[in-house]
Amino acid sequence: MFIKRNEEYGDAFKSYLKYGYGGLDSKERRSLSTDQATKGGAFISETFSDVFYSALAGNNRLREFCKVIKSPNKIKFPYTTANPAIELVAESGASDNSWSAVQPTSTYHETAGFNIGCRVDASIEMVMDYPDIESYLAESAGMALATKEENYCFNGTGSGQPKGITVETVANTTSSSAVDMDQVLQSMAVDGFTDYNNPRDLIIFINPLSLAKNAIATNGTDETTKVDPSNTYDAYISYLRAIGTSQLGKSGTSGAFWACVGNWKRAFVIFDIGETVIKRDTESQAANGIVNFYVTKRFDCKLVNANAITLCKRS
């Protein structure tokens, strides 16, 4: 949400969900007609936004661990591709050129603002009588779009959609069938992305892109095995090896990714761009007593530090 909505807008929005534009009075129509970007729909209310983004965060697991930036428009986002050298800089009498030795190598990502959307259905009885229809629609849409977002974050091709992690050029990739997780952790620690003795900021996503965070790994018989790592080096390594042994024991395509280990705050950014729009359609399924609601939002994502994650492949 980027435009502050007042109580009047919230009331008009609730009326729109129930009755559509045709059922609004002139005052309510003026409240909702804020921009052509809605294309016959309406910008979501603050109540809708709170529930919607909570559902997004709860169902696209990357949102919990990576950096999320909200912007009303597309932006150029600068990021560092190489760390600067550490040099002494004179405190006085130095020209601007004295800083040249300590400048990082940087580039920028120009956000594209890809549109993703979903449809949420509700019966006319729900729309008219359910007191919390706004939250129902927001949560349903957030959960649906989160799944699509997460898939793009990992597997987006970069052609007409975001470029996902498994498509990007990642600095650290291992394809050994007996992955040495100790070496993975050492590499992350040497590069400054985690504390070697307390690697709690490393998060593991395991194939099929489900989150494994200090809790459960799946063994070869598809049962769940509890793993309870403390924040010590030995316990964490045992945890990583348990996942590695489990996943590599399953059948799978050679070269397929089975895990991503990384410091996601340093590695990855999700961009929420502009406002979320909802459009009401009462005609398509009117005979069935169903109202269709279409929710669209713009987002982008970018791997900004290829050294901060390790991709594990099957050999």
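This is a predicted model: local features need pLDDT of at least 70, side-chain atom pairs count only at pLDDT 80 or more; totals for chains, interfaces and linings use all residues.
Beyond its neighbours within four places in sequence, Phe48 is in contact with Phe13, Glu134, Leu137, Ala138, Ile278 and Val295.

Phe48 also belongs to the largest nonpolar core, which has 51 residues. Along with Phe13, Phe52, Trp264, Phe268 and Ile278, Phe48 touches the most other members of that core. Helix H6 (residues 133-155) is the main contributor to this core, giving nine residues. A separate core of seven residues lies apart from it, and Ile69, Phe77, Ile273 and Val304 are among its members.

Now for helix H3 (residues 46-59). Which residues of H3 are buried? They are Phe48, Ser49, Phe52, Tyr53, Ala55 and Leu56. Viewed down the axis of H3, these buried residues fall within an arc of 155°, so they line one face of the helix. An α-helix has 3.6 residues a turn, so residues three or four places apart point the same way. On the face of H3 turned away from the buried side sit the exposed residues Asp50 and Gly58.

| Element | Residues |
|---|---|
| Helix H1 | residues 7-19 |
| Helix H4 | residues 62-65 |
| Strand E2 | residues 67-71 |
| Strand E12 | residues 268-281 |
| Strand E13 | residues 290-303 |

H6 is another of these packing partners.

Stepping back, the protein chain holds nine helices and 14 strands. Of its 315 residues, 43% count as buried.

Definitions and conventions: Residues are numbered from 1 along each chain as its sequence is written. Side-chain values use heavy atoms; hydrogens and water are left out. Helices (H or I, at least four residues) and strands (E, at least two) are DSSP runs, numbered from the N terminus. Buried means under 20% relative accessible area, exposed over 50%, partly exposed in between (1.4 Å probe, protein chains only). A nonpolar core is a set of buried Ala, Val, Leu, Ile, Met, Phe, Trp, Tyr and Cys residues joined through side-chain atoms within 4.5 Å. Contact means heavy atoms within 4.5 Å. The arc is that of the directions from the helix axis to the C-beta atoms.
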